[in-house]
Amino acid sequence: MPPAHPFDDDKLHEECGIFGVTGVQDAANFVALGLHALQHRGQEAGGIVTHDPEQGFNSARRFGYVRDNFTSTDIMETLPGPLAIGHVRYSTAGAKGAAIRDVQPFFGEFAMGGAAIAHNGNITNADALRRELIERGSIFQSSSDSECIIHLMARSLQRNIPERMEDALRRVEGAFSIVAMTRTKLIGVRDPLGVRPLVLGQIGDGWVLSSETCALDIIGADFVREIEPGEMVVISPDTGVESLFPFRRQKPRFCIFEHVYFSRPDSILGGRSVYETRAAIGRELAKENPVDADLVCPVPDSGTPAAIGFSQESGIPYAMGIIRNQYMGRTFIEPTEQIRNMGVRLKLNVNRALIRGKRVILVDDSVVRGTTSRKIKEMILDAGAKEVHFRIASPPTAWPCFYGVDTPQREKLLAATMSEDEMRDHLAVDSLKFISLDGLYRAVGEASGRNSSCPQYCDACFSGEYPVKPADMIEKGFEMKPAAE
């Protein structure tokens, strides 16, 4: 399936969003709403698995948006029961635009009953695990790294499914937030570093697990707390929420890019409003990199909160200099060469009357390949802007992510091959400045900045310091940053 927009390959993409609910009538309807709220985390495909005491397990997996599939009465009637989990996908592991068998949740039938699992993150030793499992007789149905967990569970000798999941996840390296289900239980797990998010909510007598709090809001659930790094919760109608810590405790390394871009601005992360954090990033950016200009304009929509913060701190007026077409969908028009050449204009248009003759600061969340930044700059200049200054609400993205984010190969990342001045010249703008890594840490609430000896977040995409060694990628030739560098 093609990307949703003509320049989507110039943004980093989250792999997926996960959601589960138990103790409500027609749980699949709640899951569909939750997945709709998490659609920003994955637009390629979605799936829902339910369990009904009379009809057993049922599932539906489809390519495309939640709204185009899981609003159909015909589909939703096939998903009865008070317990359900779901997943929206943007593939990182596995082929792009892959077969329907790659769409989660995955299901396995064990001696003690069936279980389904939905995974957000990336297993960094999946290749080694897959080879071992195949040699021992496992037959894989998908190209997804997440399927390894089901096979490891099948081979475990533990007594019940939660214990088998613990056993399996102790073999797994990398990042994982998981929502799973048995016939009677809803299960949530985060890896020991807590790289990817997972939260617990309550709706009436029922319980909810979600990648983000914004998906609790859509179904009217109350936010209870975040699942802690290294924690497993097992939820059943009889016992409520049981909390276990099956892994060796480690210092958490939550993904700092969740604050910058991935999470929705109306979510809460670590007790902080994502919107407020992004505005704080903008204020920090203005302090570090001031410039004389007439307007501060966001690159919509991801640059908007940071642009507002930049405007507040600098005193330069905020303006919607670029307008986003909200209805640019996947199947808008056959992408002929002529249409492809329109590029960004299919999605963004410059507010010419506002821009003409002005010195414009463009605030964006990141620069990945730089292709979009160049096109936007050209549009602004074509509209008569006097100067164009880029201010970026994250440090230079110079390293790929192996923990559940779709990142280009390192040599395709602009910051991996160019200095800041070289990037400015490449983009042909009057100035280009990024927030510093310390400045980003201050904006997310670390007043003293980054602790270089023990970083408070996973920031490998900026620093090249990977908290979990990406074993599969090293085997394929990826070179880690030298320790002394």
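This is a predicted model: local features need pLDDT of at least 70, side-chain atom pairs count only at pLDDT 80 or more; totals for chains, interfaces and linings use all residues.

Is E420 buried, partly exposed or exposed? With a relative accessibility of 25%, E420 counts as partly exposed, because buried residues must fall under 20% and exposed ones over 50%.

**Domains and their interface**

- The protein is divided into domain 1, residues 13–252, and domain 2, which is made up of 273–325, 339–458 and 470–476.
- The C-alpha centres of these two domains are 33 Å apart, and their contact takes 23 residues from domain 1 and 13 residues from domain 2.
- Between domain 1 and domain 2 an area of about 1,200 Å² is buried, and carbon and sulfur atoms give 47% of this area.
- The interface of domain 1 and domain 2 is crossed by 2 salt bridges.

**The annotated binding site**

- An unreviewed UniProt entry carries the annotation "binding site" for C255, C401, C458 and C461.
- These residues are spread over 207 residues of sequence, yet they cluster in space, with a largest C-alpha distance of 10.1 Å.
- The lining of the largest cavity includes C255, C401, C458 and C461.
- C401 is placed in the loop between β22 (387–392) and β23 (405–406); its relative accessible area is 16%, so C401 is buried.
- C458 belongs to strand β25, residues 457–458, and is also buried, at 7% relative accessibility.
- Apart from neighbours within four places in sequence, C458 is in contact with R253, F254, C255, I256, Y403 and P467.

**Salt bridges**

- Side chains of opposite charge can pair when their charged atoms come close.
- The count for this model comes to 23 salt bridges.
- One of them joins E258 and R196, whose closest N and O atoms are 3.3 Å apart. This pair links distant parts of the chain, 62 residues apart: E258 is in helix α8 (257–262), and R196 is in the loop between β9 (186–190) and β10 (199–203).
- E258 is buried at a relative accessible area of 0%, and R196 is buried with a value of 0%.
- R196 and E258 also belong to a network of salt bridges that links them with R41 and E212.
- E284 and R442 meet in a salt bridge with an N to O distance of 3.0 Å. E284 is in helix α9 and R442 in helix α16 (437–443), 158 residues apart.
- Within that pair, E284 is buried at 11% relative accessible area, whereas R442 is partly exposed at 33%.
- K433 and E420 form a salt bridge at 3.4 Å, N to O. Strand β24 (431–434) holds K433, and helix α15 (420–427) holds E420, 13 residues apart.
- K433 is partly exposed, with 31% relative accessibility.
- K476 and D127 form a further salt bridge, with their closest N and O atoms 3.1 Å apart.

- In helix α10 (304–314), the buried residues are T304, P305, A306, A307, G309, F310 and S311.
- The elements covering these buried residues include α9 (274–288), β18 (295–298), β21 (359–364) and β22.
- After α10 comes G315, whose phi is positive, near 80 degrees.
- E166 is found in helix α6, residues 161–169, and is buried with a relative accessible area of 14%.
- Not counting residues up to four places away in sequence, E166 touches M232, L244, P246 and F247.

Technical notes. Residues are numbered from 1 along each chain as its sequence is written. Side-chain values use heavy atoms; hydrogens and water are left out. UniProt positions are given in the numbering used here, feature names are shortened, and annotations may be inferred rather than shown by experiment. On a 1 Å grid over the protein atoms alone, a cavity is a set of points where a 1.4 Å probe fits but cannot get out, and a pocket is an open set with protein on both sides within 12 Å along at least five of seven lines; lining residues have an atom within 4 Å of a point. Helices (H or I, at least four residues) and strands (E, at least two) are DSSP runs, numbered from the N terminus. Buried means under 20% relative accessible area, exposed over 50%, partly exposed in between (1.4 Å probe, protein chains only). Contact means heavy atoms within 4.5 Å. Domain bounds come from an automatic or database domain assignment. Buried area is the accessible area (1.4 Å probe) that two parts lose on being put together, summed over both. A salt bridge is a side-chain nitrogen of Lys or Arg within 4 Å of a carboxyl oxygen of Asp or Glu.
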